[in-house]
Amino acid sequence: MMKFQIFFLALLISTTISAQNKYGLRTTSLEEYLASVKSNPEKELVDLEKFVPGLVLDIRYATANNFTKEKIYNLAKAYARLPVAEGLKGAQEELKKEGLGIKIFDGYRPYKATVRFYEVYKDTTYVASPYRGSRHNRGCALDITLIDLKTGAELKMPTEYDSFKKEAWPRTPVSDPVVRANRAKLIAVMEKNGFRVNSSEWWHFDFKGWKNYEVLDIDFEELESIK
Ligand SMILES: [Zn+2]
């Protein structure tokens, strides 16, 4: 009897370990994250809806309206590390002067969501490799677009969010001058505030200091519970 129990316990442990390290990447635990925030307040994942006045949320992965056709998040929330949130706030303030604002599709993304994306769509041009993780997992990437502040309508861009077409690449020429100007405006305001646009997604912006932040796998519910 004892032998069986040990066998099943060993099986359970090995299954758990292999699930955590399936792609050989170690993620920071909740405890380690909290300790890192204590020693460096810039590591905090900030609630962007509260931090950036007027920010509009359209968290696609909290719905089935995304490329996986699955609801990935239980809560429609957007978080980013403190300096990333400050950069976004700066961009929002600048745009406001022109009657424009920012709509966010995704911010910090738990590592397990990146693994799921990769399992659904294995092209790492568009989906981050689970062997390295995404800059979203570090709380240092934002997926956004521009909106008209009065109407809330999205400004016309070259493609829909999460399009896997070459038209989504920020360097692909655009014939429509309005679309071209909208894309250029979004990229310019974000680059001015410390971000760099992704080479295959006009909506994705990496914070320049992303290397200084660890890959996290903390759920939104956990983040809400530690407030
Ligand atoms: Zn992204």
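Reader: How far apart are the mean positions of the positive and negative charges of the protein?

Author: This is a predicted model. In it, the mean positions of the 35 positive and 31 negative charges are 3 Å apart.

Reader: What does the secondary structure of the protein come to?

Author: Seven helices and seven strands. Along the sequence, the pattern is α-α-β-α-β-β-α-β-α-β-α-β-β-α. The radius of gyration is 19 Å, close to the 17 Å from the globule rule for 227 residues, so the protein is as compact as a globular protein of that length.

Reader: What does the C-alpha trace span along its principal axes?

Author: About 75 × 40 × 30 Å.

Reader: What percentage of the residues count as buried, and how much area does the protein expose?

Author: Of the 227 residues, 48% count as buried.

Reader: Among contacts between residues at least 6 apart in sequence, what percentage join residues at least 24 apart?

Author: The value is 75%.

Reader: Now the metal. Which residues are the protein donors of the zinc ion?

Author: Start with the donor atoms. They are NE2 of His136, OD of Asp143 and ND1 of His204. They lie 2.0 to 2.1 Å from the zinc ion. Next, read the spacing along the chain: H-x6-D-x60-H.

Reader: Are His136 and His204 buried or exposed?

Author: Both His136 and His204 are buried.

Reader: What angles are ideal at a metal?

Author: For four tetrahedral donors, 109.5 degrees; for six octahedral ones, 90 or 180 degrees.

Reader: Back to helix H5. Where is Thr114, and is Thr114 buried or exposed?

Author: Thr114 sits in helix H5. Buried means under 20% relative accessible area. Thr114 has 1% relative accessibility, so it counts as buried.

Reader: Which residues is Thr114 in contact with, leaving aside its neighbours within four places in sequence?

Author: Arg109, Ala128, Ser134 and Asn137.

Reader: Where do Lys69 and Asp162 lie?

Author: Each lies in a loop. The loop of Lys69 runs between strand S2 (56-57) and strand S3 (79-81). The loop of Asp162 runs between S5 and helix H6 (177-192).

Reader: Is Lys69 buried or exposed? And Asp162: buried or exposed?

Author: Exposed means over 50% relative accessible area. Lys69 has 66%, so it is exposed. Asp162 has 14%, so it is buried.

Reader: What does Glu86 count as, at 44% relative accessibility?

Author: First place the residue: Glu86 is in helix H4, residues 82-96. Partly exposed falls between the two cut-offs. With 44%, Glu86 therefore counts as partly exposed.

Reader: What separates the C-alpha atoms of Glu86 and Leu48?

Author: Compare sequence and space. Glu86 and Leu48 are 38 residues apart along the chain. Their C-alpha atoms are separated by 9.4 Å.

Terms used: Residues are numbered from 1 along each chain as its sequence is written. This is a predicted model: local features need pLDDT of at least 70, side-chain atom pairs count only at pLDDT 80 or more; totals for chains, interfaces and linings use all residues. Side-chain values use heavy atoms; hydrogens and water are left out. Donors are N, O and S atoms within 2.8 Å of the metal (3.2 Å for Na, K and Ca); water is not among the atoms, so sites may look incomplete. Buried means under 20% relative accessible area, exposed over 50%, partly exposed in between (1.4 Å probe, protein chains only). Helices (H or I, at least four residues) and strands (E, at least two) are DSSP runs, numbered from the N terminus. The radius of gyration is taken over C-alpha atoms; the globule rule is 2.2 Å times the number of residues to the power 0.38. Contact means heavy atoms within 4.5 Å. Lys and Arg count as positive and Asp and Glu as negative; His and the chain ends are not counted. The place of a charge is taken as NZ of Lys, CZ of Arg, CG of Asp or CD of Glu.
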